Amino acid sequence: DLSDQSQLIFRAMQVLEPREKEIISLRYGLGGHTPLTQREVARLHGISRSYVSRIEKKALQKLRAEFGTIL
């Protein structure tokens, strides 16, 4: 069910820092956004693409760990 999936994602996202949450949302099109490339996210935030990559990697690790505790 889509609402169950949305709630699961919302709960997991609570472990992220605000910047991590924003980058994951933009990269994967959460919250009605069109998914953006790392380069596009970097431009929006005024940071390098490699820094976006590092933030994204760290956030995904946190989400994987959180999904393990939820499921």
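Buried means under 20% relative accessible area, exposed means over 50%, and partly exposed covers what lies in between, using a 1.4 Å probe and protein chains only. With that in hand, welcome to the close-ups. The model is predicted, so local features need pLDDT of at least 70 and side-chain atom pairs count only at pLDDT 80 or more, while totals for chains, interfaces and linings use all residues. Residues are numbered from 1 along each chain as its sequence is written, and side-chain values use heavy atoms, with hydrogens and water left out.

**View 1. Glutamate 20 and lysine 62 meet in a salt bridge.** A salt bridge here is a side-chain nitrogen of Lys or Arg within 4 Å of a carboxyl oxygen of Asp or Glu. For glutamate 20 and lysine 62 the N to O distance is 3.0 Å. The pair links distant parts of the chain, with glutamate 20 in helix 2 and lysine 62 in helix 4 (residues 49–70), 42 residues apart. Helices are DSSP runs (H or I, at least four residues), numbered from the N terminus. Glutamate 20 counts as buried because its relative accessibility is 5%, whereas lysine 62 counts as partly exposed because its value is 25%. Contact means heavy atoms within 4.5 Å. Leaving out residues up to four places away in sequence, glutamate 20 touches Ile55, Lys58, Ala59 and Lys62.

**View 2. Arginine 27 forms a salt bridge with glutamate 56.** The closest N and O atoms of this pair are 3.0 Å apart. Glutamate 56 counts as buried because its relative accessibility is 6%. How many salt bridges does a search of the whole structure find? The search finds two.

**View 3. The charged end of arginine 27 sits over the ring of tyrosine 28.** The distance to the ring centre is 5.8 Å. For a charge to sit over a ring, NZ of Lys or CZ of Arg must be within 6 Å of the ring centre and within 35 degrees of the ring normal.

**View 4. Helix 2 spans residues 18–28.** The buried residues of helix 2 are Glu20, Ile23, Ile24, Ser25, Leu26 and Arg27. What follows helix 2? Glycine 29 does, and its phi is positive, near 70°.

**View 5. Glutamine 38 lies in helix 3 (residues 38–45).** Glutamine 38 is buried because its relative accessible area is 17%. Leaving out residues up to four places away in sequence, glutamine 38 touches Arg27, Arg49, Val52, Ser53 and Glu56. From C-alpha to C-alpha, glutamine 38 and serine 48 are 8.8 Å apart in space, and they are 10 residues apart in sequence.

**View 6. Arginine 43 also lies in helix 3.** Is arginine 43 buried or exposed? Arginine 43 counts as exposed because its relative accessibility is 63%. Arginine 43 and glycine 32 are 11 residues apart in sequence, with 20 Å between their C-alpha atoms.

**View 7. Phenylalanine 67 has its place in helix 4.** Phenylalanine 67 counts as partly exposed because its relative accessibility is 24%. Setting aside neighbours within four places in sequence, phenylalanine 67 is in contact with Leu8, Ile9 and Ala12. The C-alpha atoms of phenylalanine 67 and serine 3 are separated by 16 Å, and the two residues are 64 residues apart along the chain.

**View 8. The largest pocket holds about 150 Å³ of space.** A pocket is found on a 1 Å grid over the protein atoms alone, as an open set of points where a 1.4 Å probe fits, with protein on both sides within 12 Å along at least five of seven lines; lining residues have an atom within 4 Å of a point. Ile9, Phe10, Met13, Gln14, Lys21, Ser25, Leu30 and Gly31 line the largest pocket. Helix 1 (2–13) and helix 2 each supply at least two residues of this lining, and the largest share, three residues, comes from helix 1.

Technical notes:
Points joined across faces, edges and corners; volume = space filled by probe spheres on them.
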